[in-house]
Amino acid sequence: MLFGSTPDSRDENFNPSTLHQLHEQGEHYRYALEAAGVGTWDWNMLRHTIHWDSICQELFGFPNTSIVTYTEVIRHIHPDDYTVLRHAIQAAIQSPQHCTCDAQFRTVMNGKQRWLHGKGKAYFDEANRLYRFAGSVQDITEEVHTRQVLQDNASIFESITQAVPAALWMSDQQGLTTYISQKWGDWTGRHLASHLGIGWLDAIVTEDRERASQLFQADFQARRPHRNEFRIEHLDGSLRWVDCSGNPHYDSNGQFKGYVGAVLDITDRVITQQKLKISQDHFYNLIWQAPFAIGLYVTEDIRIEMANDALLKMWSKDASVIGKKLSEALPELKDQPFEAILKEVYRTGIPYETQEQRAELYDGDQLRPYWFKFTYKPLLNERGEVWSILHMAVDITERVLARQKIAEAEENLRLAIDTAELGTWYFDLQRGEISLSDRISDWLGTEAVSDLESLLLTIHPKDVEHIGNSLNRAIQAGYSAPCDEEFTIINRLTGQERIVHAQARTLTNEDGLAYALTGTAQDITNQKLVKRELERLVQQRTEALRLSNLELEQSNENLRQFAFVASHDLQEPLRKIQSFITLLYNSEAQLLSTKGASTLDRIHASARRMSTLINDLLVFSSLTQKEIPMAQVSLTSLVEEVLEDLEESIQQENVRLDVSKLPSVWGNASQLKQLLQNLLTNALKFGAIDRLNHIQISGSQVAEEISETFNGFVRFYHWIEISDSGIGFEPAYQDRIFQMFQRLHSKEKYEGTGIGLAICRKVVENHHGTITVSSIPDQGTTFRIYLPAMPPLPIS
């Protein structure tokens with residue numbers, strides 16, 4: 001029977017008390033079974049009837065029917081479960097050794113299925129004859145459905161774990177891994193069980209392991225979402241990058257249960273990013289090393305993302321402007337159009353390009369104009385949106401300025417041509433065509449000149465042949481010398497003749513063949529007439545000058561004659577006067593009054609000055625000779641001779657003398673000695689009375705870069721200085737002292753004729769040198785003389 005049992009009616013040994021106890025005990029069982037939702041049944045095998053309780057009646061669809069037949073029950077069993085149930089019952093009732101039955105099956109009532117779990121036991125008598133089959137039945141529909149859902153969910157989960165490209169994992173409350181899907185095992189080549197707990201760390205490469213563990217533990221302790229990227233290693237040594245993420249999991253009561261997460265293979269992404277970074281680095285390196293300016297601007301407010309050195313140099317800025325708005329980095333662009341253009345490119349995505357744009361930028365502290373060729377190219381993201389603008393620029397300032405200079409030069413040339421009244425012409429040799437400017441056409445009196453033949457008709461017959469030969473030479477291969485000709489042209493309308501000066505240059509191609517002649521022409525008719533008149537006047541003046549030179553030469557000769565007479569004829573009576581004065585003074589001095597003796601002294605002094613003056617004039621006159629013998633002269637030796645001659649005067653004066661090593665010069669020793677003697681005599685004469693007179697003589701040993709070119713020769717110079725610390729003079733007199741008979745002091749105080757420094761200047765002029773003087777009153781005077789260092793050299 002099905003579910004539960006009742007006393008067998010054949011047992012006749014039960015007394016009423018026992019039956020009552022059994023009944024009570026059965027009631028307790030029945031209540032307990034009802035409370036558990038378990039129905040009982042009893043199948044009388046002899047009568048073929050089934051007794052069951054109300055629960056069984058409900059479960060099998062026989063309400064209020066406590067006794068049914070087996071055949072009636074079978075009709076309510078699901079067809080798919082009938083065979084299984086029948087075999088289970090047969091196995092129990094046919095074998096006393098296996099007399100139990102346990103089966104799950106479905107009943108069908110009004111099209112509705114119900115899952116039941118039935119248990120039964122077969123009872124046999126002493127002869128092993130079946131007489132009873134009893135048991136229980138319970139509704140397990142919800143359990144089966146739940147199990148089915150779980151199985152379905154498990155199947156779905158397994159399908160998901162196999163389908164998704166991620167490895168799924170779970171952990172417990174201690175952070176130990178309790179589950180990880182097969183994908184992880186495929187990636188690592190290890191058994192999944194080895195990754196549970198903390199075994200998953202073993203698959204991480206050594207360099208990433210500690211960081212990955214610390215980051216997971218930190219997130220786990222804080223109960224926050226976890227995210228990390230690291231590398232894992234397969235047993236075959238291959239590596240892959242993964243992205244591990246997870247979130248804390250709580251049950252319906254809010255109890256923390258652990259983490260649930262996934263691991264994604266991001267190897268391709270990392271490799272792509274690495275390649276992209278390498279590409280970007282390469283791109284940026286190319287930008288940084290590019291010889292032209294490149295920049296990158298992002299966001300609508302035009303922020304400088306990148307600018308290479310060329311662009312920073314162009315802006316006169318440094319790298320500190322990167323990251324700033326363009327308007328902040330370059331405030332000088334405020335009233336210029338560039339920022340507005342960039343914003344328009346950012347808004348529309350339309351590139352902007354210009355071949356030449358003027359910009360005002362700083363050059364140091366000053367704003368000055370520049371010109372650039374540049375492009376603003378929008379860069380688009382995968383959605384077609386502008387994310388940045390690429391700026392490429394080339395500084396063409398020099399080219400623009402050069403073009404402006406060329407234009408200015410061309411304009412100046414046009415002005416010069418107009419000012420000089422020049423005509424221009426162009427002869428195309430390939431076409432045989434000639435182009436003339438309006439001025440030349442006016443000279444020729446026609447506009448019909450378009451070829452060489454018609455041009456030659458306008459040239460005077462006497463010049464046609466040599467002009468034609470000149471043109472033929474100009475167009476010969478390899479000929480590069482410019483044409484420069486003067487010839488006469490004839491106005492075909494008026495017959496007026498003009499003398500023109502024409503110049504031409506041959507234009508050649510890469511093979512050296514002439515393809516054109518171009519040049520200018522100038523009307524020099526008036527110049528020629530003026531030149532001829534000037535030549536006549538020059539010839540006339542030259543003849544007059546020749547006669548004047550003859551007269552001057554005769555005058556100089558007379559002067560030299562006079563000098564000879566002065567030195568010979570005048571000195572003789574003067575010496576007699578001086579001798580008579582001396583005799584008179586010696587013999588009659590005691591007879592003379594004081595006034596007479598004074599007068600006699602004055603006569604004697606005047607005679608002595610007269611003699612000195614005559615000697616100085618003779619010296620000066622001798623310096624006017626045209627030719628003087630020249631040789632290499634040691635100034636050091638000459639100074640030693642002069643100092644020896646002046647030794648007595650030097651000993652009488654309060655003098656300190658310093659002489660440096662002096663150079664050798666090219667000159668006349670006699671004249672140079674006279675020069676040094678006069679200058680040193682002056683230095684001794686004009687020393688201060690109340691202090692030491694310091695005289696210094698110095699000069700250069702190496703020629704300074706002082707040269708003079710004349711008459712086809714060049715001279716290089718040394719210099720010598722003679723300075724003293726004497727009384728000096730006012731600077732206003734520094735030119736006057738070299739003039740004849742010029743004195744800055746009275747002859748009573750300082751002796752002299754006023755000719756000494758004039759002689760010095762004449763000596764220096766004879767040597768093609770220079771003498772200068774500088775002086776400060778009561779501090780001293782310095783003379784500097786420049787003399788040739790060597791014989792004059794021809795100009796190469």
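This is a predicted model: local features need pLDDT of at least 70, side-chain atom pairs count only at pLDDT 80 or more; totals for chains, interfaces and linings use all residues.
Reader: Which residues of helix 21 are buried?

Author: Buried means under 20% relative accessible area, exposed means over 50%, and partly exposed lies in between, with a 1.4 Å probe and protein chains only. In helix 21, which covers residues 756-766, the buried residues are Leu757, Ala758, Ile759, Cys760, Val763, Val764 and Asn766.

Reader: Where are Asn128 and Thr299 found?

Author: Asn128 lies in the loop between strand 5 (112-124) and strand 6 (130-139), and although it is not a glycine, its phi is positive, at about 60°. Because its relative accessible area is 51%, Asn128 is exposed. Thr299 belongs to the loop between strand 12 (293-298) and strand 13 (303-307), and this residue, again not a glycine, has a positive phi of about 65°. With a relative accessible area of 34%, Thr299 is partly exposed.

Reader: How many aromatic pairs are there?

Author: A pair of aromatic rings is described by the distance of the centres and the angle of the planes. Rings of Phe, Tyr and Trp (its six-membered ring) pair if their centres lie within 6.5 Å, and planes under 30 degrees apart count as stacked, over 60 as edge-to-face and the rest as tilted. By this rule the count is 20 aromatic pairs. In one case, the ring centres of Tyr123 and Tyr131 are 6.5 Å apart and the planes stand at 45°, so this pair is tilted. Tyr123 is partly exposed at 23% relative accessibility, whereas Tyr131, with a relative accessible area of 18%, is buried. Elsewhere, ring pairs join Trp169, Trp200, Phe216, Phe220, Tyr250, Phe256 and Tyr259 into a cluster.

Reader: Which residue has its charged end over the ring of Tyr123?

Author: A charge sits over a ring if NZ of Lys or CZ of Arg is within 6 Å of the ring centre and within 35 degrees of the ring normal. The charged end of Arg132 sits over Tyr123, 5.0 Å from the centre of its ring. Arg223 lies over the face of Phe220, at 5.0 Å from the ring centre, and Phe220 belongs to the cluster linked by ring pairs.

Reader: How many disulfides does a search of the whole structure find?

Author: A disulfide is a covalent bond between the sulfur atoms of two cysteines. The test applied is a pair of cysteine sulfur atoms within 2.5 Å, and a search of the whole structure finds 0 disulfides. Cys56 counts as buried, at 0% relative accessibility, and Cys244 counts as buried at 7%.

Reader: Where is Leu85, and is this residue buried or exposed?

Author: Leu85 is placed in helix 4 (residues 79-93) and, with a relative accessible area of 9%, is buried. Its C-alpha atom is separated by 9.1 Å from that of Cys101, 16 residues apart along the chain.

Methods:
Residues are numbered from 1 along each chain as its sequence is written. Side-chain values use heavy atoms; hydrogens and water are left out. Helices (H or I, at least four residues) and strands (E, at least two) are DSSP runs, numbered from the N terminus.
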